[in-house]
Amino acid sequence: MATSALAIATAKPLTHRFSNSKHTSSPSFSCSCSSSTPLPPPNEPKLSFNSKPVAKQCVFNVGVGLLAASLLACSPLEADATRIEYFATVGEPQCELNYAKSGLGYCDVILGSGVEAPRGELVNIHYTARFADGRVFDSSYKRARPLTMRIGLGKVIKGLDQGILGGEGVPPMLVGGKRRLQIPPNLAYGPEPAGCFSGDCNIPANATLLYDINFVGIYSGNAK
């Protein structure tokens with residue numbers, strides 16, 4: 001799949017919230033500063049020359065705490081969810097394939113309730129791509145973001161254009177829908193191997209490909 005289209009996608013930023021509630025397990029940081037120097041009377045200044053090292057130590061401890069919090073906030077907490085989605089696409093409910101005259105096999109796991117894919121526009125999809133024996137060779141879920149591709153203009157393999165946009169008896173996908181495609185070699189990469197680098201090819205010649213497609217939505221950057 002990585003060789004079939006130019007991916008134009010943006011990463012979804014991670015958002016983490018920290019609560020100050022005492023009932024949560026969110027990390028909290030405090031600084032308890034003490035000094036053997038007697039506290040001055042209320043009318044005298046709170047800080048003295050001897051208290052500066054203690055104040056610096058307090059600030060240092062708070063700084064360490066904030067650094068630890070920032071590292072936690074930047075950790076990939078979505079990684080487990082991404083793996084779940086990635087493997088779940090392989091184990092999604094089976095559906096009985098229908099076949100178009102072109103040889104494309106298709107069936108809907110979820111029909112979807114949004115709009116159809118507009119020809120020539122950019123759309124966002126998540127996918128898992130497998131060989132006929134079930135081996136996964138590519139997935140957008142591993143990258144934790146959908147693929148943005150232009151549909152209906154030959155920018156991707158023919159089986160994806162027809163399988164998503166519809167045509168020749170294949171109904172168009174709707175936003176929110178999930179569809180399984182069985183793409184024969186003539187609608188995929190044909191008699192030549194694909195995804196080759198330094199003599200090593202990711203997709204062999206005459207390969208039948210299976211795609212689990214999740215139509216996420218229409219790309220918001222399409223020109224009006």
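Over which residues does the pLDDT stay under 50, and how many contacts beyond four places in sequence does the model have for them? The pLDDT, which is the predictor's confidence in each residue on a scale from 0 to 100, stays under 50 over residues 1-37, and for this stretch the model has 55 contacts beyond four places in sequence, a contact being defined by heavy atoms within 4.5 Å. Over residues 66-77 the pLDDT is likewise below 50, and 11 contacts beyond near neighbours in sequence are found for that stretch in the model. The chain averages a pLDDT of 74, with 58% of the residues scoring at least 70.

The structure is a predicted model, in which local features need a pLDDT of at least 70 and side-chain atom pairs count only at pLDDT 80 or more, whereas totals for chains, interfaces and linings use all residues. Residues are numbered from 1 along each chain as its sequence is written, and side-chain values use heavy atoms, with hydrogens and water left out.

The chain contains 3 helices and 9 strands, taken as DSSP runs numbered from the N terminus (helices H or I, at least four residues; strands E, at least two). Along the sequence these elements follow the pattern α-α-β-β-β-β-β-α-β-β-β-β. Of the contacts between residues at least 6 apart in sequence, 71% join residues at least 24 apart. Buried residues make up 34% of the 224 residues, where buried denotes under 20% relative accessible area, exposed over 50%, and partly exposed the range in between (1.4 Å probe, protein chains only). The accessible surface, computed by the Shrake-Rupley method with a 1.4 Å probe, comes to about 14,000 Å², of which 57% belongs to carbon and sulfur atoms.

Cys196 is partly exposed, with a relative accessible area of 41%, and Cys201 is partly exposed, with a value of 30%.
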